[in-house]
Amino acid sequence: THYTDTLSAYIKGLTYEDIPPEVIDRAKMIAMQTIGVAIAANGVPMSGRAIELGKRFNGGSGGEATCWIDGSKLSMSNAAFVNGALSDMLDWEDCSWTGHPSAGVIPTAWAVSEGLHKSGRDFLTAVVAGYEVYQRVAMAIQDLAGQEKGNGWGLTSWQIFAAIVPAAKLMGLTEEQVNQALG
């Protein structure tokens, strides 16, 4: 099969101009809601622990991406980790029948956009690509899991795509590099 080839071509080729205005509006709303949910986790004991862990792994050296709660600068990967944990902490983030893609898509797209000095259009394009690929992979895995196990649930099987896709899009990976990242 060549499924990842198809997904890689889509990710690499998607432009802001390809995206309908109502989808852009939805991506903006999801981003705002995700950041709001992450900020609402301020004061929850686990939020402090997530921030502490992100800073510890950061080595105290600062970085190029912002932790949403305390404004500290972390590496892109540590900011994506911390903000992703905060986004999922209260379990209030978006939901589809395949899970909570925003906890991976939005923090990763934000951290990489900020770290690489990308535009808002680049951010939104990466968000849409992340959602589209996440949802398609999740649906395919659920279909397969449902046929094999009789249930179709396996959230841990596809959540990684919510983070890989926006990062790959924003980093400007080639189709081959995107394909390797998906693999």
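Contact means heavy atoms within 4.5 Å. The structure is a predicted model.

**Exercise 1. Surroundings of Ser-102**

Find the element that holds Ser-102, then decide whether Ser-102 is buried or exposed and list what it touches.

*Solution.* 
- Step 1. Ser-102 sits in helix H5.
- Step 2. Buried means under 20% relative accessible area. Ser-102 has 0% relative accessibility, so it counts as buried.
- Step 3. Leave out residues up to four places away in sequence; Ser-102 then touches Ile-30, Thr-34, Glu-93, Asp-94, Pro-107 and Tyr-131.
- Step 4. With Thr-34 there is also a polar contact: the side chains of Ser-102 and Thr-34 are joined at 3.4 Å.

**Exercise 2. Helix H4**

Check the span of helix H4 against 1.5 Å a residue, then find what its buried residues pack against.

*Solution.* 
- Step 1. Helix H4 covers residues 76–89, which is 14 residues.
- Step 2. The expected span is 1.5 Å times one less than the number of residues. For H4 this should give 20 Å.
- Step 3. The end C-alpha atoms of H4 are 20 Å apart, which agrees.
- Step 4. The buried residues of H4 include Asn-78, Val-82, Gly-84 and Leu-86.
- Step 5. The buried residues of H4 pack against helices H2, H3 and H5, and against strands E1 and E2.
- Step 6. Just after H4, Asp-91 has a positive phi of about 60°.

**Exercise 3. The nonpolar core**

State how many residues the largest nonpolar core has, and which of them have the most contacts inside it.

*Solution.* 
- Step 1. The largest nonpolar core has 45 residues.
- Step 2. Ile-106, Val-127 and Leu-182 have the most contacts inside this core.
- Step 3. Elements giving two or more residues to the core are H1, H2, H4, H5, H6, H7 and H8.
- Step 4. H6 supplies the largest share, 11 residues.
- Step 5. Take Val-127. Setting aside neighbours within four places in sequence, Val-127 contacts Ala-27, Val-105, Ile-106 and Ala-109.

**Exercise 4. Aromatic pairs**

Count the aromatic pairs and work out how the rings are arranged.

*Solution.* 
- Step 1. The count is two aromatic pairs.
- Step 2. Trp-68 and Trp-110 pair edge-to-face, 6.0 Å centre to centre, with 85° between the planes.
- Step 3. Trp-68 is in the loop between E1 and E2, and Trp-110 is in helix H5, so this pair ties together parts 42 residues apart in sequence.
- Step 4. Planes over 60 degrees apart count as edge-to-face. The planes of Trp-110 and Phe-123 are at 85°, so this pair is edge-to-face, with ring centres 5.7 Å apart.
- Step 5. Trp-110 in helix H5 and Phe-123 in helix H6 are 13 residues apart.
- Step 6. Trp-68 is buried at 12% relative accessibility, and Phe-123 is buried at 9%. Trp-110 is partly exposed at 33%.
- Step 7. Ring pairs link Trp-68, Trp-110 and Phe-123 into a cluster.

**Exercise 5. Salt bridges**

Say how many salt bridges there are. Then place three of them, those of Arg-56, Lys-73 and Arg-136.

*Solution.* 
- Step 1. Side chains of opposite charge can pair when their charged atoms come close.
- Step 2. The count is five salt bridges.
- Step 3. Arg-56 meets Glu-52 at 2.8 Å, N to O. Both lie in helix H3, four residues apart, about one turn of the helix.
- Step 4. Arg-136 and Glu-132 have their closest N and O atoms 2.6 Å apart. Both lie in helix H6, four residues apart.
- Step 5. Lys-73 meets Glu-114 at 2.7 Å, N to O. This pair links distant parts of the chain, strand E2 and helix H5, 41 residues apart.

Definitions and conventions: Residues numbered from 1 in each chain as written. Predicted model: local features only at pLDDT ≥ 70, side-chain atom pairs only at ≥ 80, totals over all residues. Heavy atoms only, no water. Buried < 20%, exposed > 50% of the residue type's maximum accessible area, 1.4 Å probe, protein only. Core = buried A, V, L, I, M, F, W, Y, C linked by side-chain atoms within 4.5 Å. Phe/Tyr/Trp six-rings, centres within 6.5 Å; stacked < 30°, edge-to-face > 60°. Polar contact = N/O pair within 3.5 Å; in protein donor to acceptor, adjacent residues only side chain to side chain. Salt bridge = Lys/Arg side-chain N within 4 Å of Asp/Glu carboxyl O.
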